[in-house]
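Please keep the sequence and the coordinates at hand.

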Amino acid sequence: MAFETIIVKIDDHIALIKLNRHDALNALKQKMLAELCTALEEADSNDKVRCIILTGSEKTFAVGADIKEMSELSYADVASANLFGDPVDRISNIRKPVIAAVAGYALGGGCELAMACDFIIAAESAKFGQPEINLGIVAGMGGTQRLTYAVGKAKSMDMNLTGRFMTAEEAERSGLVSRVVPSKKLMEEAHSAAQKIAEKSLLAARTVKEAVNRSFETTLSEGLLFERRVFHAMFATEDQKEGMAAFLEKREAQFRNRWRRGYFRLCKTVIFEY
């Protein structure tokens, strides 16, 4: 499918999605978000893809929502359209691992988009912020919620109330990003991480993503129970047998991303009706 606001390339089991409105600093207009969701969903359903990288340009990841597009909207407009609700939900439903590779500014909706990915690799030039308060509004794509989970109440309040930016170094120290790398090596590092994930069992990677995300939405005891059930379920996959055999035989595992025959119905029942 041809896109106007993003570029998509698939190579060696990795889908690279690049935001491509550089003249507007990758401001997230509705068309871009719609195309992004479509590209993510297509990659998620593509059997050749095992990991996804989302990035912007060398100078800007995304500066936020398109203000020109929103400035004349009324409460009735945004409420009836559930503005940003559909894209956030669709991105959250992607099952394959998604890495955000961030250079330059990731502000407002750009910061929220990066946080909606599974983890962020930041260039030294990266700057994160939720400056919506400067426009007389608040974050609408997770900036008061995901940011608080990532960095804690104090820093989230600071950033959302003052609109200040967080450097890459502070973002790593605060837990917002997984690592900071030299700007020139950002995409190299992102591809390296994606390749390592792509080499693993896709069934296991999807389950890791689901289990970690579950920890934010339930109690510790329920989360531990869920983790234990999906751990048990992995023993119904061909990949578990192959992975352990490869370890014992001191060779590289050749994962096939398949359940063992006759086990899927049982695993579905165990996992989702635990």
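Two strands are taken to pair if DSSP finds at least two bridges between them. Helices (H or I, at least four residues) and strands (E, at least two) are DSSP runs, numbered from the N terminus. The model is predicted: local features need pLDDT of at least 70, side-chain atom pairs count only at pLDDT 80 or more, and totals for chains, interfaces and linings use all residues. Residues are numbered from 1 along each chain as its sequence is written, and side-chain values use heavy atoms, with hydrogens and water left out.

Strand S5 (residues 98–102) pairs with S7 in the parallel sense over four bridges, and Ile 99 stands opposite Phe 119 in S7. Strand S7 (residues 119–123) is also joined in parallel to strand S10 (residues 179–181), here by three bridges; in this pairing Ala 122 stands opposite Val 180. Four of the five residues of S7 are buried, where buried means under 20% relative accessible area, exposed over 50% and partly exposed in between (1.4 Å probe, protein chains only).

A nonpolar core is a set of buried Ala, Val, Leu, Ile, Met, Phe, Trp, Tyr and Cys residues joined through side-chain atoms within 4.5 Å. The largest such core has 46 residues, of which Leu 19, Ile 52, Val 102, Phe 128 and Leu 176 touch the most other members. Helix H1 (residues 30–45) gives the most to this core, with seven residues. Apart from it lies another core, of 15 residues, including Cys 51, Ile 53, Ala 103 and Ala 123. Leaving aside residues up to four places away in sequence, the contacts of Ile 52 (heavy atoms within 4.5 Å) include Leu 40, Ala 43, Ile 94 and Ile 99.

Which rings pair with each other? Rings of Phe, Tyr and Trp (its six-membered ring) pair if their centres lie within 6.5 Å; planes under 30 degrees apart count as stacked, over 60 as edge-to-face and the rest as tilted. By this rule there are three aromatic pairs. The rings of Tyr 105 and Phe 165 have centres 6.0 Å apart and planes at 65°, so this pair is edge-to-face. It links distant parts of the chain, with Tyr 105 in strand S6 (residues 105–107) and Phe 165 in strand S9 (residues 165–167), 60 residues apart. Phe 231 and Phe 235 also form an edge-to-face pair, 5.3 Å centre to centre with 80° between the planes. Phe 231 is partly exposed, at a relative accessible area of 49%.
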